[in-house]
Amino acid sequence: MIWENNIMGMVSAKDWLDVGGIVNGVEQSGHARMGKCGVANHCYRGDDKTNNLVATWHSIASEYQIPMMAQFHGFDTESKTTFRAPIDTHNIEKGLIKVKMNQSERLRELRRSGVTLDEELRDFVFNDGIRLADQVVTRSKVAKNELMATGKVTIKENKLDLTVDYGVPEENTSYVLDLSAEADIPTQIQTIIDKATEQGVVITGIMTSRRNITKMRGNKSIQTAVNGNIGAGAIVRNSAFEDFLNDEFGITTVITNDLIYGSDTTFVDGTNKIEPITKRYYPENKVTFFATNPGGKLGIGLWGNPPELEAAQFMDVTGSGVSPYVYVSQWAENDPAVLWTKASALFMPVLYNPNSLFIATVADTGA
């Protein structure tokens, strides 16, 4: 039988499991669907599934803070009491991401278009579920990029107004970089490197837009440092620029992110055509200097169980039987007669060390 419970458009929970187990292009079973890990996916951060976001957050935070030193004691004396790292967990379980589609309406549209075979209809329904799961994953990427660009994650949508504060010091997010052709960029970078060193972290990478990298490569100070006085005025090759950052500052990773996503939809003026409102994952005018742990990780994306997982136990909901990253479910309503498909997840990015981010805004020089 093609359809579950003999309801047209309802796919079996086992099939949906393959959709919800995929994040950032890698399925739990190892198969790819969403494409290779791109910049916006933050592959260097990774993703993990947990049954308790708060407990896992505490565990990670305690592990990756600046190490505390125990002290020597005399025999037969009381041990000094240590403390747990203070972590703001007030809002981290508010990260519920979900989206749904009227599947009955979709099926009627397909049948009017001449799609009548159950096998073909099933493929369309399954692809709809994949796209819904992709939308959930896209929101997780937006949150990761916002954390990289601001040191915080804001949730201001659907009557929510929350800010998850990761404890990144305000001074770490208030740097200004002048990337004009005559500016002394190396000295500005060194100032940030020195500040990070004072806080006990070693900057290993930067993340910014390709436009800002091009500005640096066209800067006179960098051109002179790389190619000598005779090379001033000639843009520095990408490979030479990255070698310069590595040799001078120990920056081994340069990430450029100019990818965009659709944040909402709007009608084209004077028509009934809908088009997406596009935004950048990472702002064009930001440069983030970051310090990774010895394993090369800056943080991780934590995925928890959405409320739909518990609801499936007492509602007439067809969903996955195990715990995937994104939970895809379907249910039927009688009045009106509608079949819904929904993708949902509980997600929040975690920053290992609040002092690992140093964020600069590129000054507008009017050039």
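Modeller: A nonpolar core is a set of buried Ala, Val, Leu, Ile, Met, Phe, Trp, Tyr and Cys residues joined through side-chain atoms within 4.5 Å. Buried means under 20% relative accessible area, exposed over 50%, and partly exposed in between (1.4 Å probe, protein chains only). This is a predicted model, where local features need pLDDT of at least 70, side-chain atom pairs count only at pLDDT 80 or more, and totals for chains, interfaces and linings use all residues. Residues are numbered from 1 along each chain as its sequence is written, and side-chain values use heavy atoms, without hydrogens and water.

Colleague: Which residues touch the most other members of the largest nonpolar core?

Modeller: Tyr166, Trp303, Val326 and Leu357 do, in a core of 42 residues. Helix H4 gives the largest share, twelve residues. Helices here are DSSP runs of H or I, at least four residues, and strands are runs of E, at least two, numbered from the N terminus.

Colleague: Why is the contact between Asp128 and Arg106 called a salt bridge?

Modeller: A salt bridge needs a side-chain nitrogen of Lys or Arg within 4 Å of a carboxyl oxygen of Asp or Glu. For Asp128 and Arg106 the N to O distance is 3.0 Å, so the pair qualifies. Asp128 lies in helix H4 and Arg106 in helix H3, so the bridge ties together parts 22 residues apart in sequence.

Colleague: What makes Asp128 buried?

Modeller: Its relative accessible area is 2%, so Asp128 falls under the limit for buried.
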